[in-house]
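Here's a quick briefing to read alongside the coordinates. Take a look at the structure first, then we'll go through the surface and the inside.

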Amino acid sequence: MPSAKSSGKSKVGGKVKSEDTKSTSRSTRAGLQFPVSRIHRMLRRANVSKRIGSGAPVYLAAVLEYLSAEILELAGNAARDNKKRRINPRHLQLAIRNDEELSKLLGDVIISEGGVVPYINPALLPAKSKKQSLDSQEV
């Protein structure tokens with residue numbers, strides 16, 4: 001007959017967790033800032049597939065984090081070039097359109113309040129005089 005203190009169930013086998021260890025998130029284990037568990041949950045709810053491996057959300061979180069960091073770095077540089085400390089949609093637009101790979105990836109994307117990339121067709125620019133063009137060739 002079990003004693004009054006015990007619940008009657010024996011603790012045999014299984015992992016023993018010590019009280020002072022805290023659980024670490026999958027994002028921390030992967031060394032990422034983006035939420036791996038949230039991405040996993042979204043993949044499950046989006047009915048992407050019946051089964052989703054444990055590495056898929058980690059990989060997707062890493063890719064999203066890399067793309068975000070790349071865009072933010074280029075947009076920060078564009079903001080600094082315009083003597084601003086805050087990134088606005090115009091800086092995002094300039095960063096994306098001036099980068100060849102990002103422009104190809106986000107070619108069909110319209111950024112609200114982004115404006116257009118400045119471009120003047122060379123045929124519309126004032127023509128150089130012959131004297132200026134000869135002087136530049138004599139170097």
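Which residues form a nonpolar patch on the surface? Ile120, Leu124 and Leu125 do, and together they come to about 330 Å² of accessible area. Keep in mind that this is a predicted model.

**The surface patch**
- Leu125, one of the patch residues, sits in the loop that runs between helix H5 (100-105) and helix H6 (130-137).
- Its relative accessible area is 43%, so Leu125 counts as partly exposed.

**The nonpolar core**
- Five is the residue count for the largest nonpolar core, made up of Leu32, Val36, Ile39, Leu43 and Ala61.
- Ala61 is in contact with Leu32, Phe34, Val36 and Ile39, once you set aside its neighbours within four places in sequence.

**Helix H2 up close**
- The buried residues in H2 are Val36, Ile39, His40 and Leu43.
- These residues are on the same side of H2 because they cover an arc of only 100° around the axis.
- As for partners, the buried residues of H2 pack against helix H1 (26-30) and helix H3 (56-81).
- After H2 comes Asn47, and its phi is positive, near 55°.

Definitions and conventions:
Residues numbered from 1 in each chain as written. Predicted model: local features only at pLDDT ≥ 70, side-chain atom pairs only at ≥ 80, totals over all residues. Heavy atoms only, no water. Patch = residues over 30% accessible without salt bridge, like charges linked within 9 Å, V, L, I, M, F, W, Y side chains within 5 Å. Areas by Shrake-Rupley, 256 points an atom, 1.4 Å probe, with all protein chains shown as cover. Salt bridge = Lys/Arg side-chain N within 4 Å of Asp/Glu carboxyl O. Helix = DSSP H or I, 4+ residues; strand = E, 2+ residues; numbered from the N terminus. Buried < 20%, exposed > 50% of the residue type's maximum accessible area, 1.4 Å probe, protein only. Core = buried A, V, L, I, M, F, W, Y, C linked by side-chain atoms within 4.5 Å. Contact = heavy atoms within 4.5 Å. Arc of directions from axis to C-beta.
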